[in-house]
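Here is a short briefing on one protein chain. Please look through the sequence and the structure first, then read the points below.

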Amino acid sequence: MEESPSSQTPSPVEVTVPSSSQTPAPPSQDVHRVQVSGRTVVLVGTAHVSRESAELVRRVIGEFAPDRICVELDQQRFETLSQQRTWESLDLKAIIRQKRLSALLASLLLASYQKRVAAKLGVVPGLEMLEAIRLADQHRISLSLCDRDVRITMRRAWRSTPFLKKGLLISSVIYSIFDTSEVSEETLRNLRRQDVVSEILRELGQDVPNLKTVLIDERDAYLAKKIAEAEGQRVVAVVGAGHVEGIKRRLLDQEPVDLQELDRIPPVGAGWKWAGWSIPALILGSLALIGFQKGADAAWTNAQVWVLANGIPSAAGALLAAAHPLTILSAFLAAPLTSLTPLIGVGYVAAFVQAYVQPPVVREFQSVAEDIGNPRRWWSNRLLRILLAFLFSTIGSIIGTWIGGTAIVSNLF
């Protein structure tokens, strides 16, 4: 979505509206005015869980009277905020078919954290974006969505993170979600002034520089390009405080940005493809060699070892997730086969069957952001139980592949 609802000249909004010849002074240190090709762009740096930020957005729009409002949202997040759309609108089976369960889990974890912080601050997450959307609709100011699709951002971030750093990334996110320590009043005051998510990502970026590049630097460039391309002589851009300096610098320097390149999902490296097929090749080659050296009965016995070594741990993982009996059976039958191809994992098979036989109800979609922050609720929420079936059966398959592969290869000698 690029514009909404029209390009008409905006009517006056709240506070004092200057004439077109007036240029009001920036109302706070979080507001920056930039001249871009004869146009005026006002950057409003906000915290995504701050009531003060919403009030600042309302005041700046009222004083500046823009003919265009840009927001740090993509289409998906815009619909979630503006239409109060919640997780129940997800096409869960399509997500599983497209192998995007990991991205869904990351989204849920981030949403849970942001909601928990917002609850402590007594505000609605994204309140300042909601205020910008409301004013654009109320006063017929054209609206531009300027952020990159969050799904692309997450996939680029995961692909760019080195293998040894992926565990650090996951553990850091999980720790932040389940950290139950009390937040001091000083910390709460700082959270009200900061772009909380950007600050977290910057801290992660100190340990994983590639992650900061994708989540902060690339999005700075993307946002700056979209804001520069937005029509209008008087533009207000509402963005996280952590992005303001990067956007401002790029607008002033007029750096060239290739949006198509920033929207591209990096392909899986040749090394990973080779590694993915090397295990099946090793197992099948070993079974063939055992059959050649020791006969068909020996090959069949080792094939049974492979089936049981993969099937039992994967089924046990599904059982641990309290999955449906059909899901457990599917995990047992699928694991020996999916372990021989990198194209699909047993976790996706288990998740799809679980989603089919026990689909989540609307109430569970609505409460998932709260439930994911409480491990005791994971087994009572059907959506989270699908994710548990995905995770635990995958872990079981990894363990089974190691055990079965080691046993078969050792039988060669």
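Ile 399 lies in helix 19 (residues 382–411); helices here are DSSP runs of H or I with at least four residues, strands are DSSP runs of E with at least two, and both are numbered from the N terminus. The model is predicted, so local features need pLDDT of at least 70 and side-chain atom pairs count only at pLDDT 80 or more, while totals for chains, interfaces and linings use all residues. Residues are numbered from 1 along each chain as its sequence is written, and side-chain values use heavy atoms, with hydrogens and water left out.

**Ile 399**

- Ile 399 counts as partly exposed, at 43% relative accessibility; buried means under 20% relative accessible area, exposed means over 50%, and partly exposed is in between (1.4 Å probe, protein chains only).
- Ile 399 and Ser 314 are 85 residues apart along the chain, and their C-alpha atoms are separated by 8.5 Å.

**The chain as a whole**

- The chain has 19 helices and five strands.
- Of the 413 residues in the chain, 47% are buried.
- Among contacts with a separation of 6 or more, 80% come from residues 24 or more positions apart, where contact means heavy atoms within 4.5 Å.

**The largest nonpolar core**

- A nonpolar core is a set of buried Ala, Val, Leu, Ile, Met, Phe, Trp, Tyr and Cys residues joined through side-chain atoms within 4.5 Å.
- The largest one has 22 residues, and Ile 69, Val 71, Leu 143 and Val 236 have the most contacts inside it.
- Two or more residues of this core come from each of strand 2, helix 1 (51–64), strand 3 (68–71), helix 5 (127–138), strand 4 (142–145) and strand 5 (234–240).

**Helix 1 against helix 5**

- The axes of helix 1 and helix 5 come within 7 Å and cross at roughly 25 degrees; axes are lines fitted to C-alpha atoms, for helices over the stretch in contact, and angles run from 0 to 180 degrees between N-to-C directions.
- Helix 1 is therefore roughly parallel to helix 5, a term for angles under 35 degrees; over 145 is roughly antiparallel, 65 to 115 roughly perpendicular and the rest oblique.
- On the helix 1 side, the contact is made by Arg 51, Ser 53, Ala 54, Val 57, Arg 58 and Ile 61.
- On the helix 5 side, it is made by Leu 127, Glu 128, Glu 131, Ala 132, Arg 134 and Leu 135.
- The residues of this contact divide into six nonpolar, one polar and five charged; Ala, Val, Leu, Ile, Met, Phe, Trp, Tyr, Cys and Pro count as nonpolar, Asp, Glu, Lys and Arg as charged, and the others, Gly among them, as polar.

**The loop between strand 1 and strand 2**

- Ser 37 lies in the loop between strand 1 and strand 2, and Gly 38 lies in the loop between strand 1 (31–36) and strand 2 (39–46).
- Ser 37 is exposed, with a relative accessible area of 61%, and Gly 38 is exposed at 63%.
- Most residues other than glycine have a negative phi.
- Ser 37 is not a glycine, yet its phi is positive, near 50 degrees.
- Gly 38 and Gln 233 are 195 residues apart in sequence and 7.7 Å apart in space, C-alpha to C-alpha.

- The buried residues of helix 11 (residues 244–253) are Val 244, Gly 246, Ile 247, Arg 250 and Leu 251.
- Gln 254 is in the loop between helix 11 and helix 12 (259–262).
- Gln 254 has a positive phi of about 50 degrees although it is not a glycine, and at 53% relative accessibility it counts as exposed.
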